[in-house]
Amino acid sequence: MANYVLTKREYMNKYVSSLKIISEELLMFNDELIGSHTFYEDNGIVIEVEVYANLNNLTIIRTNDDAYIPTKGFVKVDELFSRENIISGNIRVTDFILEGTDGIGKSTSIERLLREGIVCLDRNLDVICKYMLFDVPMEKRIREYKKYLESTNDKILFLVNMDKEELKKRIYARDVISEFDRYSVEYNQMYYDTFNEMKKMDYLYGKLFLLDCTNLTEIEQKEKIKEILLR
């Protein structure tokens, strides 16, 4: 059985709308509704999608076809993410979203955390990424982030690395370099400056955090993130 965990929330609706629904049932535990269990078909392959509403809408895709690869936004996980482990609480589902410039190590950290049964999300495309752009004035960005933090249960962790040469080294080691990649140092500074401006204005609301990952190894970075996620 191949299992995948959703790490980019915004990709889910687009993905399931491309599939043919077969059937749907409720996920129950101790006579309590905890989510939904839906069967889909994707080019003859049966896909199971479990959504645990009681665990920040943790979404798991399961299929017997090991060669199946879902759309982007999902990370393959092992048998640790069985339904039994999820229901019994052996999987720690947080309400954190990791944010930061390309090359900061979000994906690597998320995959390492998943191996330990700790779940967080990768980027908020609807708000954080939408306004973390050069052509968006700081005042507007802060206004939109303030509005978002006031209305959500999500917690956002900005990752920054102030070693410019290290960021460039990571980016130019990639096989494909996008326009966003080329400006990773500048975006990194934008995350850093935005956090500090919001902190100065007392707009963090206990939901926006910053971790300086400068000079940390991948393992050290994962451990620092883990401390914040689980405290």
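**View 1. Helix H5 spans residues 138–151.** The 14 residues of H5 reach 20 Å from the first C-alpha to the last, close to the 20 Å expected at 1.5 Å a residue; the expected span is 1.5 Å times one less than the number of residues. Helices (H or I, at least four residues) and strands (E, at least two) are DSSP runs, numbered from the N terminus. The model is predicted: local features need pLDDT of at least 70, side-chain atom pairs count only at pLDDT 80 or more, and totals for chains, interfaces and linings use all residues. Residues are numbered from 1 along each chain as its sequence is written, and side-chain values use heavy atoms, with hydrogens and water left out.

**View 2. The two faces of H5 carry buried and exposed residues.** Buried means under 20% relative accessible area, exposed over 50%, and partly exposed in between (1.4 Å probe, protein chains only). Arg 141, Ile 142, Glu 144, Tyr 145, Tyr 148 and Leu 149 are the buried residues of H5. They cover an arc of only 165° around the axis, which puts them on the same side of H5; the arc is that of the directions from the helix axis to the C-beta atoms. Exposed Glu 139 and Ser 151 sit on the face turned away from the buried side. The cover over the buried residues includes S7, helix H4 (128–131), S9, helix H8 (184–200) and S10, where contact means heavy atoms within 4.5 Å.

**View 3. Four strands form an open parallel sheet in the order S8-S7-S9-S10.** Strands S8 (118–122) and S10 (208–212) each have a single partner strand, so one side of each is left without a neighbour in the sheet. Two strands pair if DSSP finds at least two bridges between them. Strand S7 (residues 92–99) pairs with S8 in the parallel sense over four bridges, and Arg 92 has Ile 118 in S8 as its bridge partner. Helix H3 (residues 106–115) lies across S7, S8 and strand S9 (155–160), running at about 160° to S8. Axes are lines fitted to C-alpha atoms, for helices over the stretch in contact, and angles run from 0 to 180 degrees between N-to-C directions.

**View 4. Six strands form an open antiparallel sheet in the order S2-S3-S4-S5-S1-S6.** The edge strands, S2 (20–29) and S6 (74–77), each pair on one side only. Strand S1 (residues 2–6) and S6 pair in the antiparallel sense over four bridges, and Val 5 stands opposite Val 75 in S6.

**View 5. Leu 167 lies in helix H6 (residues 164–172).** Leu 167 is buried, with a relative accessible area of 1%. Beyond neighbours within four places in sequence, the contacts of Leu 167 include Thr 101, Ile 104, Asn 161 and Val 185.
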